[in-house]
Each structure stands twice: as C-alpha cells, then as structure tokens.
Amino acid sequence: FIQMLRSAKKIDVLELLRRAPEEMLPFVVEAAVATQSVASLAALSDFLDFGKEPKSLLEKFLYAAAFSPRPSGELLHLVLDKLDGKQLASEVWETGIVAVGSLVGKLCQQKLCGLQEVERGVATILGGLRGAKEEPEVVVYLLALGNAGLPETIPTLLDYAEEGPTAITTAALSALRRFPAQHISSKVKRAMRRIFHEKRKSYEKTCRLAAAEMLLDNEPSPMDVLNILLATNELETEMATFLLLKVQNSLRADHHPARKIMKDIMRDPQINNYNFFSKAGISSSFSGPLTVTQDLLSTFGLDLLFLEGGLLRKSVSDFSLLSRGRWLRAAQVTIEAQGMESMLGENLLEGEEEPELTARMSAIFFDVQLRPIVFFQGYTDLMAKVLLSSGEPTSVVKGNLLLMDHHQVIPLQSGLQVAIKLQGGLGLDISADMGVSIWEQELKTSINTRGSLAIDFQAELDAPFLQATLRSQTEVETSIHFDTMLRFSGSPVLMCLQLREEQVPYR
C-alpha cells in the first residue's frame, strides 16, 4: 500500500482519505504518514482537522509520525502546524508533544539538527516546559525531552529531577535514563548521589531507587557501588531487597557495565556474606536472556517493588535488544499504584507525606515514550471507575507502523548495479487493565500485547542483457499476556504472576 501511495498525486491520496470506509480510515492515515511523499503529506494536511476529527484518529496519525524510522523535516512541520495554537483534547495534546520529541530525536540522529523545523520543535518543548503550571503538563514535556535525547537538555532535566515533587522527579529521571552512558557525566552522577543519599531533601523511594539504578548502569565507580551496597543496611526492607537483587542480576549478566567492579567488590567477605544479602523482603528484580546470537542479545526483565505492608508499589516489565553495542528498548511497561496503604489503614513512616491515591501506567516501545495513562486519581475517581467500569481494557497503542524503510544501490565489480529495498511493518495492539476490588481486597493488573511483523526484501539486477530479481517475505505473529493478582485480605499478602505466550507462527 505504501509503495502504491509513493507514486500517487495529492488529489488521489486526498480522494482516498475522503472515501475510505470508517474502519479502514486509520490504516490509510498510517500508510500516508509512512509514505512521507510531498503529495501524501499535503493531502494529510488538507484532510486532518484537529478541531473535528475523532481523538482516536488523531492519535493514530501522531503515533504513526512518532514511530517513523526516518522522518523528514516536512513531517515534523506538519505535526507542529496541526498542534499550534489550537484547543485540543488532553490525550491528543499529550500524544502530540511526545511525538514532537520523538521526531526531533530521530532527525538529529540523521544529522539534521540544524533544520528550522527541529529548532522550532525544541523551542516548542522547552518553551512549553517553562510555561507549564500543572504537574501533568510538566511530566509530558519532560517525557518529550527523553524522546528527543538531546545532550544539551540534560542540565534542565537535572534541575527538575532534584527540585520537583515526586511525579516530576520520576519523569525527569525516566528521561535521563534514556541517554547513553557517554552522556552520563560526573555532574549527572553527583546529582544522582544527592537524590539517592537524600543530601538536600527527602525523596520518594521509587525516585531514590531510580537514581541508584542510574549510578549502577552507567560505568559506576567502585565507591558508588560500595556506598549503595552499604546504604542497604539503613534502608527499609523492601528497598534493600530490591537493590541487592539488582546488584546480583548485574553479576550474572555478561553485558552489564558494572559486572567487573561488582566482582571485585564481592571479594570482600564483609559484604559478600549471607547476613548482608539475606534481606527478608518480597520485592524482586529479575533479568535474563531470551535470545542469544552472534549479533543480537534480547533480554526480558521484571521488577516488582512492594511496600512494607505487602502492596505492590511499582512493576516494570521490559523486553530489550542489544546489537552491536546499541540498546533498543523494544517494550517497557511500568505500572505504579500509590496511596493504597492509607485506604487499608496502614501507618505511614514518620515524616513521610501521604500520597494521593493514584494508579498510572507508562510505556516505551521501540525507544518511543508514549503518553502516560492514569487509571484513577483520588478516592472519588476510583469509586466512580469501580462502579461504572465497562470491563473493557484501556488501549495503550494500536495501529500499523513502518519500522524499516531502506533503499540502497550497490555497484558490483562487474560494473553492474544491484538495487536493494527492505521494508518492515509492524501491526501492534497493546492494552492494559487495572482492577481494584475493595470488598474482596484484590488488585489485578493485566497487560496484553499482540503484534505481527512483516518484512519484505527485494534485490534487483537490471542490465540491458539481463534481469534478475530475488525476493523474500517474512511474517511472524506473537501474543504475550502478563497478569498480576494480589490478595491483601490476610497476611502475608498472596500474589500470583502469570506470563502467557501464545504459539508463534513464523512464515
């Protein structure tokens, strides 16, 4: 469909968009974005009215732009024009801002940082961040900076990480963790130490743990590792358990940057002993390989952080790929629940603020941070959603994305030329659900991921006396369901985790 649209005129693409049946329209919009021809972008500009179109179609357009493998300056220009100065639904505005961040980052990777559209995109994010009054707005702008990955924005992110309230600190740390190790300077590490060791003010436990992980994952010094390990003696049980498991994981992972330092530290019997590592918490951190080949390492990781009373505070499931020294987060889904302990009559620790009852989710797919989703915020909102729940899961992202788009002409020694085309498309449907039953005292979360990948490869030799074409098509489908269920009516809290993978057809 994309190959067909590449040779179409603007009037033809516009007619196609206007005449497409309702259920086919999102697919046509996604294909027109992926085509990125002058005609298709001009047709989209005329067709999409951000004041009238349904939210779902506008989000489809913005996510298709955010996931473009090699976006053009014209595509960023179109997105910025559609967002500029309009009263938009919050979901569309949030998706648009994180899409601008993703487009800026990808254009800079193509060495196109000097484009006028890129400068306008950066100004839009930084100007919006400076003028943002509400906490959710600040969070979205910080996540967009994480998508952009511009080293010059690191000082801004550090300011928000150190000074902000919990949600803003979390978002700023999440953005900083997207940067490769060469950008995590001594200044960044000093800020992470101040957050973890609470030198300037007290921080929420998930923020402190994120700062410790930043130190451990980015070429740590032996002193940093030692101080984090020694600090576990002073931390509450669940935080200490979580951190010690993180250290043990890095010892097992051949590719981990701290592995050699950890092994050296473990030679000290004062640290490497049963008493030190036998924390009795139920939090866990696991990471292990799924596929190992000469060129590729794919890993699955699962982090579960519990509160002292046994409630789940945060879960992170992560599928990552490491190839030729570069990390790609294929999928990372984070679910957080806050403020549950007060609802169940648990006491807070001395000096700790009572957090608002909230459950939210954030996700990263193919290194693009999606807009955060709030399941409920506040007790009234929770009760309304419990009583009026439709039972339908919340859609996180659903659509068709062009992941690979490569065209190359290779001259042969004989003087002939081979033209190579490679395209890869991904159909993705990810939904999440969180249910709280106050009467049965149960908390259920489920993340459902369905995907199909199609890769089309063609090599063509075209000479006056000879024509030859080699073509290969590959398709794979997969479906992964991750469910957690907590029953906190008794002590200890009962928990069930289930990861189901349906059979993978590969053609």
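1. In this model, the end C-alpha atoms of residues 1–234 lie 60 Å apart, and the span is 70% helix and 0% strand. Helices (H or I, at least four residues) and strands (E, at least two) are DSSP runs, numbered from the N terminus. A UniProt annotation from an unreviewed entry, "domain: Vitellogenin", covers residues 1–234; its positions are given in the numbering used here, feature names are shortened, and annotations may be inferred rather than shown by experiment.

2. The model is predicted: local features need pLDDT of at least 70, side-chain atom pairs count only at pLDDT 80 or more, and totals for chains, interfaces and linings use all residues. Residues are numbered from 1 along each chain as its sequence is written, and side-chain values use heavy atoms, with hydrogens and water left out.

3. The protein chain contains 19 helices and twelve strands. Its C-alpha atoms fill a box of roughly 80 × 55 × 45 Å along the principal axes.

4. Of the 507 residues in the protein chain, 48% are buried. Buried means under 20% relative accessible area, exposed over 50%, and partly exposed in between (1.4 Å probe, protein chains only). Among contacts (heavy atoms within 4.5 Å) with a separation of 6 or more, 61% join residues 24 or more positions apart.

5. Thr35 belongs to helix H3, residues 25–35. This residue is buried, with a relative accessible area of 4%. Apart from neighbours within four places in sequence, Thr35 is in contact with Ile2, Leu5, Arg6 and Ser40.

6. Thr299 lies in strand S2, residues 297–306, and is buried, with a relative accessible area of 7%. Not counting residues up to four places away in sequence, Thr299 touches His255, Gly288, Pro289, Leu290, Asp318, Phe319, Ser320 and Trp327.

7. Gly325 sits in the loop between strand S3 (312–323) and strand S4 (326–338). Gly325 and Leu296 are 29 residues apart in sequence, and their C-alpha atoms are 9.6 Å apart in space.
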